[in-house]
Number of protein chains: 4
Amino acid sequence: MADNSPEAVREMVAASPFHVWFGMRVANISEGLCDIELDVTPEHRNLIGTTHGGVVSTMADTAIGLAVRTTLSGDSRHVTTQLNVTYLEKVDSGRLLAAGRVVRSGSRLAYGEADVRDEEGRLVARAAATFAVIPVKD
Amino acid sequence: MADNSPEAVREMVAASPFHVWFGMRVANISEGLCDIELDVTPEHRNLIGTTHGGVVSTMADTAIGLAVRTTLSGDSRHVTTQLNVTYLEKVDSGRLLAAGRVVRSGSRLAYGEADVRDEEGRLVARAAATFAVIPVKD
Amino acid sequence: MADNSPEAVREMVAASPFHVWFGMRVANISEGLCDIELDVTPEHRNLIGTTHGGVVSTMADTAIGLAVRTTLSGDSRHVTTQLNVTYLEKVDSGRLLAAGRVVRSGSRLAYGEADVRDEEGRLVARAAATFAVIPVKD
Amino acid sequence: MADNSPEAVREMVAASPFHVWFGMRVANISEGLCDIELDVTPEHRNLIGTTHGGVVSTMADTAIGLAVRTTLSGDSRHVTTQLNVTYLEKVDSGRLLAAGRVVRSGSRLAYGEADVRDEEGRLVARAAATFAVIPVKD
């Protein structure tokens, strides 16, 4: 049985090599909601000096996915099946915040969305993700 | 004026902090086509031990974006406006290859697609990206 | 010069063969917002008796597109470049409402979203659309 | 038990009020593939005189969905969960062909894509759709 409580998810992310490497932290998490923050470093910038689209889409996927996780019972898990991101503003530096929320969490499918904003609150991207919910085999 | 020739793009990527940090290399590049490869390391894995969706989507975005870049004249550049990724297989380890290709490259918009495959040739993800093409201000 | 005022758009839709054939009406329209309604008839149902996904996606595309239109000056027009729809509930009958809103309207690109709901207010679908904004040649 | 054979699907579509009303016909169908054709009439045109995006997206959804149906056993059915369409060319008149194909058909999820082309073979749109596969309750 997995522990999908917000506090357990926060601790798993803090200890996760992927999230640490990427520079992502859980800023806030509660049932059905997860905010991910990242401070833009030179490694996050593309060839023209702005934050790479992949950084933004990874933040969004992570924020939505963790928000979904808090809504699952311990005997199911989720995998992303689809991610759609629309990029609205370039961002060069500073702190980014991806605010993920669950729109629908069912027994087979889950769906959520995220806003990614910069420090001034500008909407950098909007994202939507769909997940398959799968029974965990013990 | 930017140099958008395949060889120039390959050199830029090899020297780019983002691409080096991420572990992405240009495997092949020619006009309208770009293959990006990445060897999965522990940093690329999510909380359940498979390659994070953000790694796959970043590879796809990069492969399509660089393929588009080779089709642009030196006085224009492109920014991703939309990225859609469908995840079809989990992948735990080994080398991933994102094969990007331009479907349409116009004076205002460009559109391309990518297949991401693992070492056995399984289709891990399909992606599509749209780009705004913008005149470079000198 | 096109007249893109909400009242002009409402009148154009009421006289448009496409919208009349489809059964779509403008329920509400103001700058940056457009609600489209449709009463489900047998022609709107797919082989398993529920409203066809194409009916829902067409309503969403129309609601977002007309919302965008109200934000354009008379010397520009818009064409849909991308439409993404996530279907969340089946709907068999009754009145559907697609509430479209503009999230971003720029000189080259516009982006908007729509909720499609049934009479009980259930969220049937979420949609996002991107548009190229193009100068009108007189 | 539903009959999902290509010939049965072709007959169902020919007798379906939705497909007849819309003007869609099955041009070709075989396991995992379905081509839908439509002759553009004035009812299919939007306010600026080109084929409405909803017509194109409905054709794509239908072609992919019927292609998926031919891959299902008679005791399961599918519902569209996601549709993504990128519009590449305007089209005013003539015959449109949406060529749908299954990329993946599993026990829980199916995924397919479609090209929509005009009579000259120009690529009008590219589409991708995801489906939930659901056991039929007798």
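The following legends describe close-up views of a predicted model.

Residues are numbered from 1 along each chain as its sequence is written, and chains are lettered from A and ligands numbered from 1 in the order in which they are written. In this predicted model, local features need pLDDT of at least 70 and side-chain atom pairs count only at pLDDT 80 or more, whereas totals for chains, interfaces and linings use all residues; side-chain values use heavy atoms, with hydrogens and water left out.

**View 1. Superposition of chain B on chain A.** Within chain B, the residue closest to the rotation axis is Asn84(B), at 2.2 Å (C-alpha). The same surface serves both copies, as 100% of the contact residues of chain B recur in chain A (contact: heavy atoms within 4.5 Å).

**View 2. Superposition of chain D on chain A.** Chain D is laid on chain A by a turn of 180° and a shift of 0.0 Å along the axis, with an RMSD of 0.0 Å. That is the relation of a two-fold axis. Here too the same surface serves both copies: 90% of the contact residues of chain D recur in chain A.

**View 3. Packing of helix α3 of chain A with helix α3 of chain B.** The two helices, each spanning residues 53–69, pack at an angle of about 155° with their axes 9 Å apart. Helices are DSSP runs of H or I with at least four residues, and strands are runs of E with at least two, numbered from the N terminus. Axes are lines fitted to C-alpha atoms, for helices over the stretch in contact, and angles between N-to-C directions run from 0 to 180 degrees. α3(A) and α3(B) are therefore roughly antiparallel to each other (angle over 145 degrees). Gly53(A), Val55(A) and Asp61(A) are among the contact residues of α3(A), and Gly53(B), Val55(B) and Asp61(B) among those of α3(B). By class, the contact of α3(A) with α3(B) comprises two nonpolar, eight polar and two charged residues.

**View 4. Packing of helix α3 of chain C with helix α3 of chain D.** The axes of these helices come within 9 Å and cross at roughly 155°. α3(C) and α3(D) are therefore roughly antiparallel to each other.

**View 5. Salt bridge between Arg101(A) and Glu113(A).** The side chains meet at 3.5 Å, N to O (salt bridge: a side-chain nitrogen of Lys or Arg within 4 Å of a carboxyl oxygen of Asp or Glu). Arg101(A) lies in strand β4 (residues 95–105) of chain A and Glu113(A) in strand β5 (residues 109–117) of chain A, so the pair ties together parts that are twelve residues apart in sequence.

Definitions and conventions. Least-squares fit on C-alpha atoms with pLDDT ≥ 70 in both. Parallel < 35°, antiparallel > 145°, perpendicular 65-115°, else oblique. Nonpolar A, V, L, I, M, F, W, Y, C, P; charged D, E, K, R; others polar.
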